Amino acid sequence: MSKYSEIAKQGLWHNNPGIVQLLGLCPLLAVTATVTNALGLGLATLVVLVGSNILVSLVQDYVPKEIRIPVFVMIIAALVTCVQLLINAYAYGLYMSLGIFLPLIVTNCLIIGRAEAFASRNSLAHSAFDGLMMGLGFAAVLVVLGAGREVLGQGTLFDGADLLLGEWASVLTIQVWQVDNAFLLAMLPPGAFIGMGLIIALKNVIDQQIKARQPKVSAPAVERARITKVS
């Protein structure tokens, strides 16, 4: 269990792909104007990440090292195509909203990085769990950033939830406050950069507070023996 606990801590906090490794920033900054878009992209990335880790772990002993990267990319591209077709079929509004950033999951450094650094060297169970934790950590950053930008930009939460969950989800939209004119800085990519900086700064402050509360372990004093020469 210690292995799974360490994987969870790394993916969700200590080595979070969004705010520590800073991977996949292009879609992260581009489509997080609303929680719906952020959650949709986060779930799509999560599915691809878990699936690619599982498949790479299964074929790791049969793929020559010289061609492992092209094989990994082919696996990821196949999974992204399946996810893209499913979203196109069952959530067409979200498919149109995410646009080019949905197929661009193929080039997400997070997915190919986990396939190369972890899945190709570990067991099936550990690889699947690593993909799940890294995907959840990445999705959490997307949702937090999307929530902040949506509230500041248009005063709502879960606007357009029906695009992801169906017509019934339109009742989930929350009007936090009334906004006459949208705050464009929050809705445009520069606002995403500022938001990411604030999230990273908040994580650093929390880490410093946790470190400060831990008991300090002082180095044990070394007693020096004095040798007296006896004549």
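Predicted model: local features only at pLDDT ≥ 70, side-chain atom pairs only at ≥ 80, totals over all residues.
**Entry 1: helix 7**

I began with helix 7, which runs over residues 124–154 and has 31 residues. From its first C-alpha to its last I get 44 Å. That is close to the 45 Å expected at 1.5 Å a residue. I then looked at what comes after the helix and found Gly155, with a positive phi near 75°.

**Entry 2: helix 7 against helix 3**

For helix 3 (residues 35–59) and helix 7, the axes come within 8 Å. They cross at roughly 165°. An angle over 145 degrees counts as roughly antiparallel, so helix 3 and helix 7 are roughly antiparallel to each other. I wrote down the hand of this crossing as well: right-handed. Sorting the contact of helix 3 with helix 7 by class, I have 19 nonpolar, eight polar and two charged residues.

**Entry 3: salt bridges**

How many salt bridges does the structure hold? I have four on my list.

I took Arg114 and Asp130 to begin with. Their closest N and O atoms are 2.9 Å apart, and the pair forms a salt bridge. Arg114 belongs to helix 6 (residues 109–117) and Asp130 to helix 7, so this bridge ties together parts that lie 16 residues apart in sequence. Are Arg114 and Asp130 buried or exposed? Both are buried.

Next I checked Glu116, which forms a salt bridge with Arg121. Here the closest N and O atoms are 3.7 Å apart. I compared the accessibility of the two partners. Glu116 has a relative accessible area of 18%, which is under the 20% limit for buried. Arg121 has 59%, which is over the 50% limit for exposed. I also recorded that Glu116 and Arg121 are linked with Arg68 in a network of salt bridges.

**Entry 4: a pair within helix 10**

Where do Asp207 and Lys203 lie? I found both in helix 10 (residues 189–213). They are four residues apart, about one turn of the helix. Lys203 counts as buried, at 7% relative accessibility. Asp207 stands at 25% and counts as partly exposed, because that class covers values between 20% and 50%.

Conventions. Residues numbered from 1 in each chain as written. Heavy atoms only, no water. Helix = DSSP H or I, 4+ residues; strand = E, 2+ residues; numbered from the N terminus. Expected span 1.5 Å × (residues − 1). Salt bridge = Lys/Arg side-chain N within 4 Å of Asp/Glu carboxyl O. Buried < 20%, exposed > 50% of the residue type's maximum accessible area, 1.4 Å probe, protein only. Axes fitted to C-alpha atoms, helices over the stretch in contact; angles between N-to-C directions. Parallel < 35°, antiparallel > 145°, perpendicular 65-115°, else oblique. Left-handed = near helix turned anticlockwise from the far one by under 90°. Nonpolar A, V, L, I, M, F, W, Y, C, P; charged D, E, K, R; others polar.
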